[in-house]
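Please look over the structure below. Some questions and answers follow.

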Amino acid sequence: MSDIIQLLPDSIANQIAAGEVVQRPASAVKELMENSLDAGATTIRLVVKDAGKALIQVIDNGTGMSETDARMSLERHATSKIRKAEDLFTLRTMGFRGEALASIAAVSQLEMKTRQAEKELGTLLIVEGSEVKRQEVVACDKGTSISVKNLFYNIPARRNFLKSNPVELKHIIDEFQRLALANPEVSLSLIQGDELIYDLPSGKLSYRIVNVFGKAYQEQLAPCTEETDYVKVTGYIGRPEFARKSRGEQFLFVNNRFIRSNYLHHAVMNAFEGLVTESSFPFYVLFIEIDPKHIDVNVHPTKTEIKFDDERAVYAVVRSAVRQALGANNLAPALDFAEDVNIIAKLSNTPTDAARDVYFEERFQTSLQRSNLQQWEKLFEGEGMSGLTSHRDLSANELEFLQAKQEENIAKTVYEPLFQLHNHYILRQVKNGLMLIHQQAAHERVLFEKFLHRLTSNTGESQQSLFPQTVSFQAADFALIMEMEQEIKALGFRFEVFGKNTVIIHGVPSGISSGNEKALFEGLIDQFKFNQSQLSLPLKENLARALAKRAALKIGDKLTAEEMKSLVESLLDCKAPGYSPDGETTYFILDLARIGMYFKP
């Protein structure tokens, strides 16, 4: 039998490698802009067309490249940033793998113009699918201009997986924002088609944050700083009252490199404990400076994951920095941050690893964890057993039987008197006992089914607003709204574009009290993004859930007898009245036999 194993041609190997490095237009934007930053550029202009599918052009005023370097930059594993393996642990540049440009050139039609400052003429290279079509001398400005046209033109299957233009543009804007925050000293601009989306002058970080996210952020920023011999943390945090229901405005940078770390995000959230609700996320932009020898950035081709040699110490310093910022700006009612000062010294003085673990357990265990532990202890001691039977304690069959029985009992006593308990529960007499209804969970169920019906039947009824209100969004959120315009209008909203990243709202879904259209619309988008980050839901179900959550009655709302009656009747007409869209129990029946047990001697 003849040999069957062959070495792949470079062009195919580059296409395979491109799958990891260039996943979508935003990936190419990130790599090209990082190259510009590594080249010392002070001005970078990003131009995209068709959300990067037709064109991505990055123009910088960096050092430029010689003719030989320009040609070499298109080869795999060709880089000016490291020379030996040890250099990986002293990295100060964004890139180092020497894969990005070769990968982009393998899946696009690429044009490069570059000139060094001391040269009169520069170099033009035209490449298609890793093959150099043309190379010649050209007159051009100092720096480098790279145009990436028709990304994935030679891999149709991959191109078909790209999302709609608003979604791809949102990813590009996200990458642009991260690089803009990490490099406030660099002038940056972003142009989509003929529209100038961002024009950011160089300046301080606080100015950059306001320029990126809007003037509203000027009021909520609190400086944050903490320094030890091991690590330094600087940046800004947002005030707790401005926390949003969705993620997306939390930025962590390590040596100016954007990273994703649930562990360090938990450190920030832990510092905010008690100041924001569990489902809210405060704004923060934090920079961690650490000696490169203590980290490993070569974990993934996208370089958004980093390993620390002592992650717990970084956790402690981040948490301490945020807590001190909250205290120093009177954002927290009471703080014990004095205990966190010199925390690294404390850690180093703990005699053994075991003692160190105990220290961390005691200091950084959250109240939720402590509460869970106490509940388990009570359960085993027999104290956690309640006299009431919860739906969660029953099997599926028992639950189904109980629910059918309860609905039968309820249906026969629809017109019994109603009573509101502590503006939280609605109580009513039923055939075999007492029915307790959680007013917020019940209303969410009612609204969810109503909104979902409107979306599926496209029969969104609207009520005209007395005073139309304008709402401004970040560029990425605005793109998301435009993508979902048809579905949002099917819910009953009436709005139109009113200037850059702004809409004017003329009407809201019928059945929802008008007067605060701005908060309702903003809440819908925030809740939609939050659901999107936590759950994998179809678009229409997500929208229906998001609006139901934001428009529903809240605990503490006082209801009239008519409102209670209407809510109960609507709940019983639902397809699944027993649970809210989030799975919370909407009502519970305390039967007479169980009530009687409390009065037996």
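Q: In which segment does Tyr-598 lie?
A: The model is predicted: local features need pLDDT of at least 70, side-chain atom pairs count only at pLDDT 80 or more, and totals for chains, interfaces and linings use all residues. Residues are numbered from 1 along each chain as its sequence is written, and side-chain values use heavy atoms, with hydrogens and water left out. Helices (H or I, at least four residues) and strands (E, at least two) are DSSP runs, numbered from the N terminus. Tyr-598 lies in the segment after helix H20 (592-597).

Q: Is Tyr-598 buried, partly exposed or exposed?
A: Buried means under 20% relative accessible area, exposed means over 50%, and partly exposed is in between (1.4 Å probe, protein chains only). The relative accessibility of Tyr-598 is 48%, so Tyr-598 counts as partly exposed.

Q: Which residues form a nonpolar patch on the surface with about 400 Å² of accessible area together?
A: Patches are made of residues with over 30% relative accessible area and no salt bridge; like charges are joined within 9 Å, and nonpolar side chains (Val, Leu, Ile, Met, Phe, Trp, Tyr) within 5 Å. Accessible areas come from the Shrake-Rupley method with a 1.4 Å probe, and for residues only the protein chains shown count as cover. The nonpolar patch is formed by Met-597, Tyr-598 and Phe-599.

Q: How many helices and strands does the secondary structure of the protein chain come to?
A: Of the 601 residues in the protein chain, 48% are buried. The chain exposes about 30,200 Å², and carbon and sulfur atoms supply 51% of that area. Its secondary structure comes to 20 helices and 22 strands.

Q: How far apart are the end C-alpha atoms of helix H2?
A: The expected span of a helix is 1.5 Å times one less than its number of residues. Helix H2 (residues 25-38) has 14 residues, so H2 should span 20 Å. The end C-alpha atoms agree with this, as their distance is 20 Å.

Q: Why is H2 largely enclosed by the rest of the structure?
A: The buried residues of H2 include Pro-25, Val-29, Leu-32 and Leu-37. H2 is largely enclosed because its buried residues number 12 of the 14.

Q: Which residue just after H2 takes a positive phi?
A: The phi in question is about 80°. The residue is Gly-40.

Q: What is the N to O distance in the salt bridge of Lys-30 and Glu-31?
A: Side chains of opposite charge can pair when their charged atoms come close. A salt bridge is a side-chain nitrogen of Lys or Arg within 4 Å of a carboxyl oxygen of Asp or Glu. Lys-30 counts as buried at 9% relative accessibility, and Glu-31 is buried at 5%. Their side chains meet with an N to O distance of 3.9 Å.

Q: Which residue forms a salt bridge with Arg-134?
A: Arg-134 is partly exposed, with a relative accessible area of 41%. The closest N and O atoms are 3.4 Å apart, and the partner is Glu-136.

Q: How far apart are the closest N and O atoms of Glu-449 and Arg-445?
A: Glu-449 and Arg-445 are four residues apart in helix H14 (residues 439-457), so about one helical turn separates them. Glu-449 is buried at 18% relative accessible area, and Arg-445 counts as buried at 9%. In their salt bridge, the closest N and O atoms are 2.9 Å apart.

Q: In which strand does Thr-123 lie?
A: Thr-123 counts as buried, at 7% relative accessibility. Contact means heavy atoms within 4.5 Å. Leaving out residues up to four places away in sequence, Thr-123 touches several residues, among them Ser-66, Met-112 and Glu-136. Thr-123 lies in strand E4 (residues 122-128).

Q: How many aromatic pairs does the structure hold?
A: Rings of Phe, Tyr and Trp (its six-membered ring) pair if their centres lie within 6.5 Å; planes under 30 degrees apart count as stacked, over 60 as edge-to-face and the rest as tilted. By this rule, the number of aromatic pairs in the structure is 13.

Q: What is the angle between the planes of Phe-176 and Tyr-198?
A: Phe-176 lies in helix H6 (residues 165-182) and Tyr-198 in strand E8 (residues 195-200), so their pair ties together parts that are 22 residues apart in sequence. Both residues are buried. The pair is stacked, at 5.5 Å centre to centre, and the angle between the planes is 10°.
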